[in-house]
Every structure is written in C-alpha cells, then in structure tokens.
Amino acid sequence: MNIQPIETVRGHNAASRNVGCRLCGSRLRHTLVDLGMSPPCESFLQAEQLDQMEAYYPLNVLVCDACYLVQLKEYLSPETIFSEYAYFSSFSSSWVAHSKVYCEAITRRLGLGRDSLAVELASNDGYLLQHFLPLGVPVLGVEPAANVARAAIEKGVPTRVDFFGVRLASQMMSEGHCADLIIGNNVLAQVPDLNDFVAGMKILLKPQGVVTLEFPHIERLMAENQFDTIYHEHFSYFSLLTIELMAARHGLRLIDVEELPTHGGSLRVYLAHEGSRWGVDDSVGKLLAREKRHGLTEMITYASFGHKAQRAKRDLLAFLISAKNEGKKICGYGAPGKGNTLLNYCAIGTDFLDFTVDRNPYKHGRFTPGMHIPIKSVEAIDEARPDYILILPWNLKDEIIEQMRHVASWGARFVVPIPFVAVIDPSELGR
Ligand SMILES: [Zn+2]
C-alpha cells in the first residue's frame, strides 16, 4: 500500500483542520493515551520494501470534554487507507456466523421482504449482505476498497465502489434507492467526516426505516485495557453518550442498544428518524446511566487509562524477556491491525517473535509494518513447534485455541497479551 501523508494527498495542511473535535468542533484539551509513533497498521510490507523508509505517525489519542468523543487526528486520508484494503471480513468464521444471526433477526424485527432494501456501508466482501439473499431481501453494498468489493460482487452482492456521505446518499436517492435498513458495522470509527456520514444516512433512510451501527464500546476498551485496538485507521471511539449527541445533531433518535461480545465488547445501536413511529427501549436509558456511573462524563476517568497501557507493556516485555532468556522459541498467531499497535508500542520485533501466521493469504510472505515480523501460513507453527504462541487478535482467542489445541502435543502454550499478559496451557483445557 502506498502511504502518503494527508497534506500531499489533499494539497493542504491536515493539522490546520484538526484543531477541533471531529463531531462537535470543541477545542481538544485532554489526552486519553499516548502510544508514541507508529506506522499505519495495515501497511504490510513486501520483502523489497524492508530497506526503505517507512512513514510513522503519532498515536496520541484525545478526548473531547463536550461530547466525549475519543479521537485521533486524521493523519492518513481515507483514499490512502481504503484504495487496497487487506482485510477481508470473511476470513473470520465467527464474524460471518455473527452476521448471519443478525440478518435473520433484523429481517423478522423490521418485517423486511421483497419490496425492502437493506444497504450496508463499508460492506467489505459481502460477508453480511450475502445472508439476506436466501431471505429474499434486496441488498446494496457501499464499499470504497475496490479489491474487496470485487469479492462481494462475485458472491452476488451488488456493491458500489465509493465513499459514503451526503453526496452519495443524494445520488442514490435520485436513482430511487431509499433504505428500510442501513447497516454500518465497524465503519463509524473509520469515517473522517462523521457529520457528513450521519447526514448521509439521514437522507437515505425511509421515514420509518432503521439504522443499526456496531462499534467497539469505549467503556469496554478502557475497562479491559484494550489500548492495542487504537490505530490510525480508527479515527473515533464511541460511548453511547456520544452516539446520543451525534444522533440528535442530525434529527435522528437513539431507539435501542444491545451489548455484543464482538471485538472485545461492542455496542449495536438502533437509530430512527425523530418523529417516526419507533419508541425508545429501556435499554438506552439504562446504559446511558451506567456510563455516567462509570465516570465517562469525567475527564479524570480518561486520564487514568494511559497508566494501565504502560503497565501492560512492562508486563508483556518482562514475560517475553524472561522466556527468551530461558531459550524459549516464540511465534505469533495472527497479523491484525491491532497486533501492529501492540508490537510497535512495545517494540517487539524478531528478537522476540520468530514469525507470525495468518489465515489471510494476502498477508503471506509480507512483513508487519514497523517491526518487520515475517507473516506465514498457519501450518508454519506445526513445522517450527514453538514453546509459546502470542495471540495478537485476542478477541478471537477462544476460536484460535480451539483450532490450534493440537499444539499441546509438543507442550506449546498460548500467551494472551490483553488486558495483562496471561499464559494458557491447552493441555489443561477440558475436551
Ligand atoms: Zn466533541
């Protein structure tokens, strides 16, 4: 991937546009955590790039004291991030299963049928919309990365290659596409102009239509020390408090919320037009009250998070140093974006991890950005027979340990780095 600073992409200085909060415009005066300098986490390198200069940007996370939006400055342009995206959602079988359950439930709940339209924003490779096809619900995907959109179209999921916002929503409306359901899963964090994105949803949504958005919950991120889920491609991190303010700014109403275990603890929020027939579920008031109880309206709560991240770094390094001093062989499992934040923040290179493996063949033969750890196919673990396997996508640890429990045959153990380092011996797990 060709990474350019945003200044050269858009021909003006990004910093001058980034003084205020992305949602409400207030001046940003508080830091959540400073993870130092890091390369963009999806810029996996090919062998011939290893001798070249790499771009590093700050991972200094700020929080707005007016709307509580946790945010990074926009160091990278979305055009740069998404022109060739390496993440194909279908490579996670648990995520595809989660999506199927959602499609069946929302079809029943909203009474969707042949005359409806379900639109997914950032529809990736059609991992979700494909499940509406057997239910007879027409779908349309919007996906800016051409390579993943192609995979969706090959599955029979019609997909537009474009960025979503007011411009595209107005164009879709004029072509007769109004949505009964708009889905945005793990896209909100990656939207540089939040207000334009939400205004676009408002335009595209039918009068009684519903929007559902899923995103990692900042309350869980902080409570469980998930600092590694912060990276440049994720500009924004949300509480329900922020979502309610965001919806109200655009004439939308927050009508329901569910807590999900995905991505380390996510929220699924349901939005409808102000004045529509939808009432507000009790879950909304309950979760807003809990967030306030947990201090999410107080800046001091956010400030304490940085110390926890530093302790996790010291604990993980202490474990890795002592294992290497004992002559142990260590490799990684997975090469997710979050892995690269962890590896760069802790400075874990091939002096600790011989290699990592990934199920996504796009990454095989490439190297992780910054730390240059080689990425191999999963079978490499059976050949190398390491003593420890560091699980980088720790949110999928149950799935990974289940698939890899045969490593117990040579005495290997799993290491989970978050919230604090933990060692799991697969031979002690029940059958
Ligand atoms: Zn704000």
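Start by selecting helix α9 (residues 240–249) and helix α10 (residues 282–293), whose axes come within 9 Å and cross at roughly 125 degrees. Helices here are DSSP runs of H or I with at least four residues, strands are runs of E with at least two, and both are numbered from the N terminus. Axes are lines fitted to C-alpha atoms, for helices over the stretch in contact, with angles from 0 to 180 degrees between N-to-C directions.

Now show the side chains: L240, L241 and E244 from α9 meet V284, L287, L288, E291 and K292 from α10, where contact means heavy atoms within 4.5 Å. By class that contact has five nonpolar, no polar and three charged residues (Ala, Val, Leu, Ile, Met, Phe, Trp, Tyr, Cys and Pro count as nonpolar, Asp, Glu, Lys and Arg as charged, and the others, Gly among them, as polar).

A quick word on what you're looking at: this is a predicted model, where local features need pLDDT of at least 70, side-chain atom pairs count only at pLDDT 80 or more, and totals for chains, interfaces and linings use all residues. Residues are numbered from 1 along each chain as its sequence is written, and side-chain values use heavy atoms, with hydrogens and water left out.

Colour by pLDDT, the predictor's confidence in each residue from 0 to 100. The chain averages 91, and 92% of the residues score at least 70. Residues 1–17 fall below 50, though this stretch has 38 contacts in the model beyond near neighbours in sequence. Where pLDDT is low, the predicted coordinates should not be read in detail.

Next, pick helix α12 (residues 305–325) and helix α13 (residues 337–346): their axes come within 10 Å and cross at roughly 80 degrees. That makes α12 roughly perpendicular to α13. Select A309, Q310, K313, L316 and L317 on α12, plus L342, Y345 and C346 on α13, to see the contact. Its classes are six nonpolar, one polar and one charged.

Step on to A347, in the loop between α13 and β13 (356–357). A347 has a positive phi of about 55 degrees despite not being a glycine.

Last stop: P419, in the loop between β16 (413–416) and β17 (422–424). Check the peptide bond joining I418 and P419, which is cis, with omega about 5 degrees.

Terms used
Angles under 35 degrees count as roughly parallel, over 145 as roughly antiparallel, 65 to 115 as roughly perpendicular and the rest as oblique.
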